[in-house]
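Look at the chains below and at the places where they touch.

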Amino acid sequence: MSKIVRTVANQLMLFVLVFGLYVIVHGHVTPGGGFQGGAVIASGVVMLIVAFGSGQIKKSLRERRLSVVESSAALLFILVAFIGIGTVFFYNFLVGSRIFGDIPPTGTNPGNIWTGGVIPLMNVAVGLKVMAGLSAAVLALALFSGGEEIE
Amino acid sequence: MAEILSGNFPLVAAIVLMGIGLYILIFRRNLIKIVMGIAILSSSVNLFLVTLGYRTGGIAPIYTEAPEGPMVLPVVQALVLTNIVIAVATSALILSLVIRIYRHTGSLDSKKSRRMKG
Amino acid sequence: MATLIEHSSILIIAVPLLIAFLTPLIGMASKKARNVVVISSLAFVAFLVFTLARDVILNGIHIYTLGAMSPSLTIPEGIMRPVRIILEVDGVSVFMGIVVAIVSLVAVIYSLSAMKGETGQNKFYTLLLLMVGGTFGMVFTGDLFNLFVFLEITSISGAALIASRTRFADSQEGGFKYIVVSAVASLMVLFAISLLYAQYNLLNIGALAAAMQYTMLDRIALVILISAFAMKLGGVPMHMWLSDTYSVAPASITVLLITTSQASMYALMRMCFILYGVSLDLAVVGWIVIAIGILSMFIGVTMAVRQTDITRLIAYNCVCEAGFMLVGLGVGIAVLGDATVLRTYGTMAINGAIFHMINHALFEGLLFLVAGAIFYRIGTRDINQMGGLGHTMKLTAVFFLLGALASSGLPPFNGFASKILIYESVYQFNPILTIIGILVSIITLAVFVKAFFSAFTGPSLPKYEDVKEVPKTMIAAMTIFAVIIIIFGLFPGLVVDWIVRPATDALVNQASYIDAIRGAMP
Amino acid sequence: MRQFFAWLFLVVLMVFLVIGGFKMVHPFGEPPSAMDQYIIDNSQEQAGSNNVVAAVVFDYRGFDTLGEATVLFAAVTGVMFVLRAGGKKEET
């Protein structure tokens, strides 16, 4: 792609990242969540692949490393679920505790980010996972169509 | 007639979309078009699910700064979110298989490859 | 120990998933550690399955409510219906769990040497574990949407595994076909689920069964569910994909694919017996299932006669054997409403069908493993190019003969034990069905005898002179299957009493399934 | 012939489903909602989340989300597995 496209994509990536992180972190208060935010960031990565070409992206973003991130995020998610097994698998053990434990007033309220128990943690895990997973899949498809070898 | 149209029209739209998806799956031979057919089928089911959960005058089920009004059903939205991710995953895998098949046979026509019908 | 049993149903599903997420990380460090972790986790899961099975058979249905204050708190205060996802494990579920546990362990042991030298082994084992976890999830869950999600897990990981021999075009095509069929089938399942949800605002199977009105919309949902699951298990109008995928997948994966097909059959049983139960038009649905079964038997065996590819031959035999199970189940459904008839031969037919499920997994699994072993050594699946392999691969030849005889229903092997149950009970329902079944069995025997003679006997061909017996782990995997086949054949009564009869009781007793959900009401 | 049967199947299916959609599903905008209303009323207290959908996705039906994440994981692993280089290495 031309230099203009590359520069614009480079600058836009920062905003995409910030917006994606916002959507992930505020998932339990406002519309959004881990899947949506992760998809936003992954679409930013796709934009970079389109602008710079997969060969260029490959130098800084290996799909092997992405799959490590994905595995770790999936592990984080299932481990948070496993910790609840003291009572029941997937028990929301953080509600009422000191971490993310506030309970919002019933009915309409301005919103408080320090609520939700395990939901914010799971949002972050899923966000990382979706981001890494989708980027890795698109990168692998792009590299393979471009005729390069994968792992 | 007007009553029918205003009544369950969204559900019928979803079902028509499903018909389009099935038509593509049955009659088209291009592998990429089959992927599209599955995507359309999946969207039709999603549309159907979301329509089921709508309440007249409903608002999004989020309490932060919520306006007045009944909230639409949240469970269907969660189901649709799940199904969207599953559809993305399925299409990614099918596309990678299509790329491999194209490498092997040099064609996207399902009749050309040896053992494929439909 | 009590806590372990209390949580065992979720651990059986979650441990394979957890290990699957770990496998890529461990595999980067050490291959040996990865293999040890995979096998030991599956062995641990098998241990859990057996303890859970003992508990369920002795103490009744096992309930696990995910995310509630306690596992037995199915219905929260202030509402009369379940809200959270509930795992409900009854006799049929643990029966299927036992099948999956045995088969997955054998498949991993077999893969150890069969996959040696292939690239991408980390991903192979990851996907294999995901497939096992997904199958466990399908058979243990008591929630319709959860069933759909696990169906998708098994089909996606299964399709990737079918395509694992990337150097052959037909394996990619098999994977493509499998994923297209599964995607369409599971979307139809989801559509049926949404129809049920629209009417009752419920997703739990037990609660839906209690609320079932059997309206026209329910009938549409039932038709969609039956056709979608019949598509997934390879019933006849949609059997074309089965031979194409089973024949190109690695042998250890084919064995697992059989269990996922059977999990679809389990889902079909769950829908017919539990979700709809006696509110069905029993005779009509029963005869539809019988018709699918008879057609599967007939077309499966006639197509098997024409095959020269050994794995396609076995795959068509799979279609044929699935027909036997469907006939048994269909007879069971048709007489479900009549208590006296059900007692005289209805339960026997269901017993036969369920017993045949585990036997089917065992002997078809053994046959596929043998075919995989032959392919591993000589690199072809064409029967006409084989010959005289019995001289060098003696054990493999014995195993093939064992599987073939069991599959054709000859005593004293396990296939006979279950087929005789089906024949006896179906004869009292309609004698013609039994006669067709016996004929089909005889043709099956002829097909396998022909294949055996052309592949294993005769003078040893010069090009296969340096063919050796397969590696020890592959022999070990096949031996496990063979030993179980012989044990089941010698003591069928014990097996039926211990695991098959509880499964049948759970199926015909819809009320106890519903009560288990209601039982823990505050 | 095959085309004809496929068309017949499609048309019959669609007619059935359209009639079902028109006549038999609850009127648009008034769904039965016992389970969903319970979740709407209790999600703030039980899950501490203002976003009811997030509460459903990660708390009430969290196990589905685990399955969904697993599906995505399986698909990404599958893509890399299918597109991997090389078949069988030389046996040494």
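How many residue pairs are in polar contact between chain B and chain D? The count is 10, with both residues of a pair at pLDDT 80 or more. A polar contact is a pair of N or O atoms within 3.5 Å; within protein, one must be able to donate a hydrogen and the other to accept it, and residues adjacent in sequence count only if both atoms are side-chain atoms.

This is a predicted model, in which local features need pLDDT of at least 70 and side-chain atom pairs count only at pLDDT 80 or more, while totals for chains, interfaces and linings use all residues. Residues are numbered from 1 along each chain as its sequence is written, chains are lettered from A and ligands numbered from 1 in the order in which they are written, and side-chain values use heavy atoms, with hydrogens and water left out.

Stay with chain B and chain D. Their contact (heavy atoms within 4.5 Å) takes 43 residues from chain B and 44 from chain D. The size of an interface is often given as the accessible area lost when the parts come together. Here the buried area (accessible area, 1.4 Å probe, that two parts lose on being put together, summed over both) is about 3,900 Å², and carbon and sulfur atoms give 74% of that. On the side of chain B, Asn8(B), Phe27(B) and Tyr63(B) lose the most area to chain D, together 15% of what that side buries.

Side chains of opposite charge can pair when their charged atoms come close. Between chain D and chain C there are 2 salt bridges. One of them joins Asp143(C) to Arg61(D), with the closest N and O atoms 2.7 Å apart.

Over all chains, the whole structure has 11 salt bridges. Within chain C, Arg270(C) and Asp90(C) form one, at 2.9 Å from N to O. This pair links distant parts of the chain, 180 residues apart: Arg270(C) is in helix H10 (residues 251-276), and Asp90(C) is in the loop between strand E2 (86-89) and helix H3 (91-114). Helices (H or I, at least four residues) and strands (E, at least two) are DSSP runs, numbered from the N terminus.

The last stop is a helix pair in chain C. The axes of H15(C), residues 414-429, and H16(C), residues 431-456, come within 6 Å and cross at roughly 150 degrees. Axes are lines fitted to C-alpha atoms, for helices over the stretch in contact, and angles run from 0 to 180 degrees between N-to-C directions. The two helices are therefore roughly antiparallel to each other, a term for angles over 145 degrees. Residues of H15(C) in the contact include Tyr423(C) and Phe429(C), and those of H16(C) include Leu433(C) and Ile438(C).

Terms used:
Angles under 35 degrees count as roughly parallel, over 145 as roughly antiparallel, 65 to 115 as roughly perpendicular and the rest as oblique. A salt bridge is a side-chain nitrogen of Lys or Arg within 4 Å of a carboxyl oxygen of Asp or Glu.
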